[in-house]
Amino acid sequence: MTEHSHPTRRGFIKTASACAAHAALMATPFPAAARTLWSERTQGRVVAQEPFGRLESLSEGLWALVSTPLGGDYTTVSNGGILAGTNGVLVIEAFQTPEGALWMAEKARELTGRWPTHVLVTHYHGDHSNGAQGFFPDGTGPSIHVTGTTRRLKREGMPADTEPLLRGIWEDAVLLAEDRPGSLDLGGRTVLLSPWQGHTSSDVTVSLPDEGVTWCGDLVWNGMFPNYMDATPSQLSRAVRAIQSDGSDTYVPGHGPLAKDADMSRYLEVINGIEETARTARREGWTAEEAGARHEIREDLGEWTLFNPSYFQRAVEAWMKEWSGG
Ligand SMILES: [Zn+2]
């Protein structure tokens with residue numbers, strides 16, 4: 001999803017109307033069959049189910065949110081997580097709307113007995129970050145963890161009339177290193193925070209090496225073709241290969257159902273496929289638009305939906321941009 005407007009109350013109305021426009025645009029490419037497939041691919045025990053998503057239990061103190069926006073409910077949009085330790089509770093992502101973040105915080109309290117103490121936002125895109133205010137219903141809330149690049153991009157996108165509370169949330173964010181992995185000790189559970197580039201100029205993954213679970217942010221999409229709006233495609237491919245080689249049992253993608261190793265391989269084939277089309281376009285002199293219109297995902301790679309019909313074209317454009325040195 002693209003960056004929407006800011007998550008103040010007034011901003012949310014703007015966001016909602018922008019999304020309504022999206023919804024009209026998005027209505028055609030989602031056959032009912034794809035939606036069914038999506039909703040059936042549950043892996044963990046479902047502890048909460050809403051029109052916008054479901055919370056799946058992964059193991060003691062670990063849950064993954066799988067958002068299901070294809071039905072038209074954009075409360076959360078991105079996937080996320082709840083990770084509990086004896087000293088703290090980390091929520092991954094701040095979601096599309098304050099309502100989505102508030103729902104996640106309330107679930108964290110129900111399931112763990114405490115309000116989130118930490119929130120990690122994997123990158124600056126609105127569907128992962130615009131809801132941050134929802135974690136602060138009475139003005140106080142968790143520490144927000146982002147890279148400096150993500151914070152800068154968030155602040156640059158903030159209108160001058162942004163509410164002080166929301167401005168403060170991002171000003172006070174705790175910054176993660178962008179040149180080496182870091183960690184966060186939740187008490188009896190230490191999470192590894194790894195910086196990457198590829199989907200945007202600053203992405204972070206969250207992993208539990210001992211438990212075999214990795215939250216990939218939007219470096220990984222499952223059953224849904226990724227958004228290349230801000231992508232540097234060669235870095236994206238590199239990051240995906242490295243993430244897959246961490247040997248996790250479960251990968252929580254930024255969008256789509258939980259992924260296993262085979263799903264990661266399938267996703268790599270999908271992004272390799274668009275690279276091949278982009279290379280053909282360069283050789284044959286096709287425009288990105290022509291290449292996007294010609295591109296097909298290999299049938300044996302299963303059903304892949306597009307958030308937006310222009311996503312193939314965007315991906316080819318991202319490759320062309322990278323090759324031209326831009
Ligand atoms: Zn996203």
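Which residue in the turn of the hairpin formed by β10 and β11 has a positive phi? The points below come to this after the overall picture.

1. This is a predicted model, in which local features need pLDDT of at least 70 and side-chain atom pairs count only at pLDDT 80 or more, whereas totals for chains, interfaces and linings use all residues. Residues are numbered from 1 along each chain as its sequence is written.

2. The protein contains ten helices and 15 strands, these being DSSP runs numbered from the N terminus (helices H or I, at least four residues; strands E, at least two). Of its 326 residues, 48% are buried, where buried stands for 20 or more other C-beta atoms within 10 Å of a residue's own, exposed for 12 or fewer, and partly exposed for values in between, with C-beta atoms placed from the backbone.

3. An open sheet of mixed pairing is formed by eight strands in the order β1-β2-β3-β4-β5-β6-β7-β8, two strands being paired if DSSP finds at least two bridges between them. Its edge strands, each of which pairs on one side only, are β1 (45-50) and β8 (174-176). Neighbouring strands of this sheet are turned by 20 degrees against each other on average, direction ignored. Helix α5 packs on the sheet, where it touches β7 and β8, and its direction makes about 100 degrees with that of β7; axes here are lines fitted to C-alpha atoms, for helices over the stretch in contact, and angles run from 0 to 180 degrees between N-to-C directions.

4. In helix α6 (residues 164-171), L166, I169 and W170 are the buried residues. They lie on the same side of α6 because they cover an arc of only 90 degrees around the axis, the arc being that of the directions from the helix axis to the C-beta atoms. These buried residues pack against β7 (143-147) and α5 (148-156), while the face turned away from them carries the exposed P164 and E171.

5. Strand β11 (residues 203-208) is largely enclosed by the rest of the structure, because five of its six residues are buried. It pairs antiparallel with β10 (residues 190-196) over five bridges, and three bridges join it to β12 (residues 213-215), also antiparallel. S207 of β11 stands opposite L192 and opposite T214 in β12.

6. To return to the opening question, the residue is G198, whose positive phi is about 150 degrees, in a hairpin with six residues between β10 and β11. In the hairpin of β11 and β12, with four residues between the strands, G212 takes a positive phi near 70 degrees.

Technical notes: Two residues are in contact if their C-beta atoms, placed from the backbone, lie within 7 Å.
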